[in-house]
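Okay, thanks everyone for coming. Let me put the model up on the screen and walk you through a few parts of it.

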Amino acid sequence: MMSNYFRYCLTFSLAIFLLTIGGCASAPKGGPGVPQKDLVLKDLCVRYGISCVLDSVSQVITLKRKGVKAKAILASDVVVVDSKKVRLSKAVWMSRGTVYVPDDFKRKVVQPMFAKTSPFVQKFRKVMLDAGHGGKDPGGIGNLGTREKEIVLDIAQRIQESLKRKGIDAVLTRNSDQFLELGDRTALAQKKGVDLFVSIHANIDTSHSARGIEIYHLRPLDTKSWAETYAPKNYQVLFKNFKMKQGDETLEKILTDMMYSHKQQVSYQLSRYLADKISKKVGTIDRGAKTAGFYVLKNTLVPAVLIEVGFLSHPKEEKSLCCQEYRQKLADSIAESLIDYAAYY
Ligand SMILES: [Zn+2]
């Protein structure tokens, strides 16, 4: 029988292959007077997901990918990638509004732009931060009247800012005191094409003595429970966007298994890593990584964790969570720990 790991590697490569085929731009056609080996810059940028803007006054072309910048100048063979100068085999040139680059542009400019991307961005291109509750659903309420929906929204927004400062694309499920069904949250994750889902909540405990941080990931599901979630249906929707033979059940089964194994493996590793790191950075109790069957963990296709940032039912912790400085510390610690995780694994 094929080991899970082997299946993961095989199918992951397959997914990359399919996505690459899907994302390929056509080779430059090269009209009259265009040397066959020169490449159309726009095609390269589309193919590699690089944004590309030409300033017609300065003649400077700015290329950007995940916080990494490169600048080329028309009629010059010099390109600056981050702060490093590289020299192309010939100058960048333009004809009838199309910019052409020599074929070593790929090796000298595009490749270094990818190499300079942080391990986090290589692993997760986009993160969704999900502030729990909202609107008519206040979530837990502390003794001082602190409402979970407000605390977690503020923390999620601070995490987003913290990640964005590091060049990481992070989006929110809600950015105001808005009620969202759980299904809307997971649907949004799929719509926005995120690679990681992080839900933020605060805890309540009737004994009022529990405190600290705990992180949840999805408990292993048997085939029946898995089939009852929305995830398999969502995978089918996802596969429709792949350039592959539609309705190929074997291939779809392999891809579904691969994505589920990937989700479970990363969610497990990440929740363990975060529980330890965040509690140390913040200076609070690590209540560990736990499993649960929460809707947002079950119905997201990508790795997903739910962070309980503290107990509103604990008098001291409620006071801490009410304090802006503490929430900023929590948010920075969560963002840093996410980044450290990617570098560590
Ligand atoms: Zn909650």
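So, to start: how many bridges join β9 to β10, and do they run parallel or antiparallel? There are 4 bridges, and the two strands run parallel. One of those pairings is K126, whose bridge partner in β10 is D169.

Some housekeeping. This is a predicted model, so local features need pLDDT of at least 70 and side-chain atom pairs count only at pLDDT 80 or more, while totals for chains, interfaces and linings use all residues. Numbering starts from 1 along each chain as its sequence is written. Strands (E, at least two residues) and helices (H or I, at least four) are DSSP runs numbered from the N terminus, and two strands pair if DSSP finds at least two bridges between them.

Now the sheet. It is open, with 6 strands in the order β10-β9-β11-β14-β12-β13, and the pairing is mixed. β10 (169-172) and β13 (286-292) are at the edges with a single partner strand each, so one side of each has no neighbour in the sheet. On average, neighbouring strands are turned by 25° against each other, direction ignored; axes here are lines fitted to C-alpha atoms, for helices over the stretch in contact, and angles run from 0 to 180 degrees between N-to-C directions.

What about β9, residues 126-131? There, 5 of the 6 residues are buried, so the strand is largely enclosed by the rest of the structure. Buried means 20 or more other C-beta atoms within 10 Å of the residue's own, exposed means 12 or fewer, partly exposed is in between, and C-beta atoms are placed from the backbone.

Further along, β11 (196-203) and β14 (304-311) run parallel, joined by 6 bridges. F197 stands opposite A304 of β14.

Next, a helix pair. α5 (148-165) and α12 (324-344) pack at about 50°, axes 8 Å apart. That makes α5 oblique to α12, since under 35 degrees counts as roughly parallel, over 145 as roughly antiparallel, 65 to 115 as roughly perpendicular, and the rest as oblique. Residues making the contact include I155 and R158 of α5 and L330 and I334 of α12; contact means C-beta atoms, placed from the backbone, within 7 Å.

Last stop: E318, in helix α11 (315-322). Buried or exposed? With 23 C-beta neighbours inside 10 Å, E318 counts as buried. Leaving aside neighbours within four places in sequence, its contacts are G142, N143, L144, T146 and L312.

Methods:
Contact = placed C-beta atoms within 7 Å.
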